[in-house]
Amino acid sequence: TVWAFTAARVGPGPAAPVLVSFEDTTELENAGRMRRDFVANVSHELRTPLTALLGFVETLKGAAKRDPAATERFLGLMEREATRMSRLVADLLSLSRLEKDERVRPVAPVALRGLIRATLESLDHVAGAEAVTLVTDLPEEEIRIPGDEGQLGQVIANLVENAIKYGGRGGTVTVRLTAPAPEPALRVPGVRLEVSDTGPGIAAHHIPRLTERFYRVDNHRSREVGGTGLGLAIVKHIVSRHRGRLRVESAPGQGTTFTAILPAS
Ligand code: ADP
């Protein structure tokens with residue numbers, strides 16, 4: 001526990017009583033430490049691609065520029081690092097915007113079935129590149145819930161992209177949506193949006209930490225697939241802004257299912 005200590009004279013003159021107060025500032029200290037850790041993490045995450053980029057520029061300024069094949073290769077690598085930085089900055093902006101609006105619940109009607117279809121269509125090429133089959137299991141009729149279409153689209157995209165990237169080549173990713181029903185996890189009826197993969201799964205001790213910023217189960221794999229380490233943190237923020245719950249079920253060798261439980265009204 002961290003205590004803040006203050007003393008002040010109450011009233012004029014040297015004989016006035018002194019008021020001494022102690023205040024538990026543990027939470028404040030924690031918030032300060034988390035902010036410092038976050039800034040350190042962001043700096044590190046930005047510096048890594050930047051260092052690589054500068055290295056490639058140096059190489060290109062040297063002997064490589066007379067070799068068209070090498071030039072082509074280095075430009076490709078530079079593009080990859082620049083893309084990584086740009087994705088990181090975009091995710092940081094999303095997070096800071098989400099934090100700002102945390103208490104305001106978005107309530108425009110969102111047609112989830114259409115949104116799932118449109119989002120999967122935009123990820124078709126990503127799935128194709130990994131030979132992943134995308135499967136949907138959707139209700140017959142359109143489901144509308146109060147929310148923010150852009151943000152819910154981001155939830156679907158982040159979960160499906162992860163399922164494709166970490167689920168392994170040649171796997172299957174299933175997106176399921178349930179019709180509104182009484183929901184024990186919420187106080188109101190809700191819908192379930194499930195994204196499952198047939199991948200290697202996640203060991204139990206990692207699961208509680210998955211939505212922490214920059215937490216990765218496998219650093220190398222995340223870098224390889226161009227992950228920012230912020231995808232699930234963003235998903236969690238969006239789901240909680242919608243007054244929903246996020247669940248993860250996984251076991252090594254059994255695949256993984258992420259479920260967003262969202263209020264239907
Ligand atoms: P990243 O940008 O690294 O993908 P995320 O916040 O989206 O960051 O995910 C955090 C970590 O959780 C990933 O680095 C990965 O190790 C793990 N992860 C996420 N989704 C899955 C999944 N479907 N299967 C296995 N591991 C996953």
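In this predicted model, the largest pocket is the space that the ligand takes up. The account below begins with the residues around that ligand and then turns to the chain segments that supply them.

The shell around the ligand consists of 20 residues. Those closest to the ligand are Y166, D197, S222, T228 and G229. By residue class, the shell comprises 9 nonpolar, 7 polar and 4 charged residues.

Several contacts to the ligand come from the protein backbone. At T228, which is also among the closest residues, a backbone N or O atom lies 2.8 Å from an oxygen atom of the ligand. A backbone N or O atom of L232 likewise lies 2.8 Å from a ligand oxygen atom, and for V217 the corresponding distance from a backbone N or O atom to an oxygen atom of the ligand is 3.1 Å. On its own the ligand has 530 Å² of accessible area, and the protein covers 96% of it.

Which secondary-structure elements each supply at least two residues of this shell? They are helix 5 (149–167), helix 7 (231–241) and strand 9 (256–263). Helix 5 contributes the most, with 4 residues.

As for annotation, an unreviewed UniProt entry places the feature "domain: Histidine kinase" at residues 41–265. This span is 48% helix and 18% strand, and its end C-alpha atoms lie 38 Å apart.

Methods
Residues numbered from 1 in each chain as written. Predicted model: local features only at pLDDT ≥ 70, side-chain atom pairs only at ≥ 80, totals over all residues. Heavy atoms only, no water. Near = heavy atom within 4 Å. Polar contact = N/O pair within 3.5 Å; in protein donor to acceptor, adjacent residues only side chain to side chain. Areas by Shrake-Rupley, 256 points an atom, 1.4 Å probe, with all protein chains shown as cover. 1 Å grid on protein atoms, 1.4 Å probe; cavity = no way out; pocket = protein on both sides within 12 Å on 5 of 7 lines; lining within 4 Å. Sits in = over half its atoms within 2 Å of the grid points. Nonpolar A, V, L, I, M, F, W, Y, C, P; charged D, E, K, R; others polar. UniProt positions renumbered as here; feature names shortened; annotations may be inferred.
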